[in-house]
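Hello,

Here is the structure we talked about. Please open it and keep it beside this email as you read.

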Amino acid sequence: MSTRGIDFFDKWMAEHLPNAMTDDPVAVSDLADEMMNAAAREGIPASEINEEVESVYQVIFEAMFHPEGNLPEGEEAVLNLLAARLARESSISKDQAGELIKRIGTDWNSLLNEAHFLKELEGRLAQE
């Protein structure tokens, strides 16, 4: 997935999902369509989003049912999206972000705290 596609999808979900919590599959489908239409208006083709995320519907659906970040195992597309966001926001590598997710889980606040601690530790070790 392109950085532009990830950034747009992350931002769109952060802005729209908290106000649209639902368990209605049709409403989730409408949200997925709305997101793809918004991306198209921004000049982001569906292919940039679908390179890593097989189903925008599935990612949105999982986010709706797991708002605290506790995703079921095997949701690789969602976990990859989360790792990319963590890497971007905390300036660690995507591999490091993936390892933190495996160790800690998907709670965003815990991940962000650990990522910042890891970055600080790396800085201290580099000074030695």
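Predicted model: local features only at pLDDT ≥ 70, side-chain atom pairs only at ≥ 80, totals over all residues.

Residues are numbered from 1 along each chain as its sequence is written, and side-chain values use heavy atoms, with hydrogens and water left out.

Start with the charged patch. D24, D30, D33 and E34 form a patch of negative charge on the surface. Asp and Glu count as negative, Lys and Arg as positive; His and the chain ends are not counted. Patch residues have over 30% relative accessible area and no salt bridge; like charges are joined within 9 Å, nonpolar side chains (Val, Leu, Ile, Met, Phe, Trp, Tyr) within 5 Å. A salt bridge is a side-chain nitrogen of Lys or Arg within 4 Å of a carboxyl oxygen of Asp or Glu.

D33 sits in helix 2 (residues 25-41). Helices are DSSP runs (H or I, at least four residues), numbered from the N terminus. D33 counts as partly exposed because its relative accessibility is 44%. The classes are buried (under 20%), exposed (over 50%) and partly exposed in between, with a 1.4 Å probe and protein chains only. D33 and Y57 are 24 residues apart in sequence, yet 8.3 Å apart in space, C-alpha to C-alpha.

Next, the nonpolar patch. F117, L121 and L125 make about 290 Å² of it. L121 belongs to helix 7 (residues 108-127).

Last, S90. It lies in helix 5 (residues 76-90). S90 is buried, because its relative accessible area is 4%. Leaving out residues up to four places away in sequence, S90 touches L112, A115, H116 and K119. Contact means heavy atoms within 4.5 Å.

Best wishes

Conventions:
Areas by Shrake-Rupley, 256 points an atom, 1.4 Å probe, with all protein chains shown as cover. Charge placed at Lys NZ, Arg CZ, Asp CG, Glu CD. Helix = DSSP H or I, 4+ residues; strand = E, 2+ residues; numbered from the N terminus.
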